[in-house]
Structure formats: C-alpha cells, structure tokens
Amino acid sequence: MYLRINYFSTSIKYLTYSLLCLVFLNCKDNKDAKTTSPVKAQPLVQEKAVTSLYEDLEGNAVSLKDFKGKRILMNYWATWCRPCIEEMPDLLELQSILEKENYVFLLASDQSVEKIKKFKLDRGFDFKFIKYNGSYPEKDISALPVTLIYNEVGEQVARFDGGMSWNTPEMVERLTNIN
C-alpha cells in the first residue's frame, strides 16, 4: 500500500513539474519571439459610425423630419420575408395613387445596404429603400411586414401588421383621409 501511494505521489510530482516546465518554456518562447521579430501593427479598419436611425442606400442619414409636411408610409420588410415581397406590387400601385395625396413611401430593412441594393436591382421595385439601423423591438415589431403611417406633422396615426392588399378602394380611401 505504501509503495502504491509513494509511486502515485511521485508520478504527480513529475507530471506537475513537466507541466510547469512546459508553461514556462512556452512563455519564454513567446516573449523571445516578440523581441526578436516584432509583429507589424495592422491598420485599423474604421467602420462608419451609425449616427442616424435610418440611412439611404448611399449611406446618407435619413430622418422622418426630412419629410415634414408630407404623409409617410413606412414599411418595415426584409428580403427573406415572403409576405413583404408579395405585398410590394400592391404598394407600388398604391404609391402611384397616393403620390398626389402628398405621400412618401419609405421601405425600411435592417439588412445590409448591399442586400437591399441587390434586391432593388433584381426585383426592379421603384421605392425609396432605406436601411433601418435600430432594432425591431424598439418599434414594437415582432414579425414582418409592419407598416406605419405618419401624418404631415410627423405623428404616427396608423399601424398595419402583416401583409396587406394595399390598392383596394377602401384602403385608398382610408389612407387619403388620414390627417
């Protein structure tokens, strides 16, 4: 019994000693490597600081205040969202109908500007697409699409959750009568 414990104790000592040597040698090697061959500093890639909740596809800040005096239809969507894409032809038709009613249509996505540009090019929808830099929970959005309507003084006056049939006479009348 004593022999087994002594053997076990000796093995632990050798194992501990070996690990410590390995750690110290590796630390020393790393230190020597730094002093003999300095690592060149990599240039920092500066990312553009997000200063606005929205930006256009050229990276310029967009604010809802930019459209003061106009009614705004703000549609939150995504390239992967089937109902979002399915309602876009109706929205496009509605946009042409409500143009004379002082409406601006903004389609906001939190996806990258590159993805939005590619979508716009591939699909050919003539909207003012913008990038949303916030988070959907801030807007109480848990599913897409969501459309918010703002009046001419910038107050949110309506909200539509889910895909809609936008170019119906009832919807056109409802949106035309918003103050």
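Predicted model: local features only at pLDDT ≥ 70, side-chain atom pairs only at ≥ 80, totals over all residues.
Me: Which residue of strand 7 is the bridge partner of Val 146?
Reply: Strand 6 (residues 146-150) pairs with strand 7 over five bridges. That pairing is antiparallel. The bridge partner of Val 146 in strand 7 is Asp 161.

Me: Which residue of strand 4 is the bridge partner of Met 74?
Reply: Strand 3 (residues 71-76) and strand 4 run parallel. Six bridges join them. In strand 4, Met 74 has as its bridge partner Leu 106.

Me: How many of the seven residues of strand 4 are buried?
Reply: Tyr 103, Phe 105, Leu 107 and Ser 109 point one way, and all are buried. Val 104, Leu 106 and Ala 108 point the other way, and all are buried too. Strand 4 (residues 103-109) is therefore largely enclosed by the rest of the structure, and its buried count is seven of the seven.

Me: Are helix 2 and helix 4 parallel or oblique to each other?
Reply: The axes of helix 2 (residues 82-98) and helix 4 (residues 169-176) come within 11 Å. They cross at roughly 45°. Angles under 35 degrees would count as roughly parallel. The two helices are therefore oblique.

Me: How many nonpolar residues does the contact of helix 2 with helix 4 have?
Reply: Helix 2 brings Leu 94, Ile 97 and Leu 98. Helix 4 brings Val 172, Leu 175 and Thr 176. By class, one residue is polar, none is charged, and the nonpolar count is five.

Key: Residues numbered from 1 in each chain as written. Heavy atoms only, no water. Axes fitted to C-alpha atoms, helices over the stretch in contact; angles between N-to-C directions. Helix = DSSP H or I, 4+ residues; strand = E, 2+ residues; numbered from the N terminus. Parallel < 35°, antiparallel > 145°, perpendicular 65-115°, else oblique. Contact = heavy atoms within 4.5 Å. Nonpolar A, V, L, I, M, F, W, Y, C, P; charged D, E, K, R; others polar. Buried < 20%, exposed > 50% of the residue type's maximum accessible area, 1.4 Å probe, protein only. Pairing = 2+ DSSP bridges.
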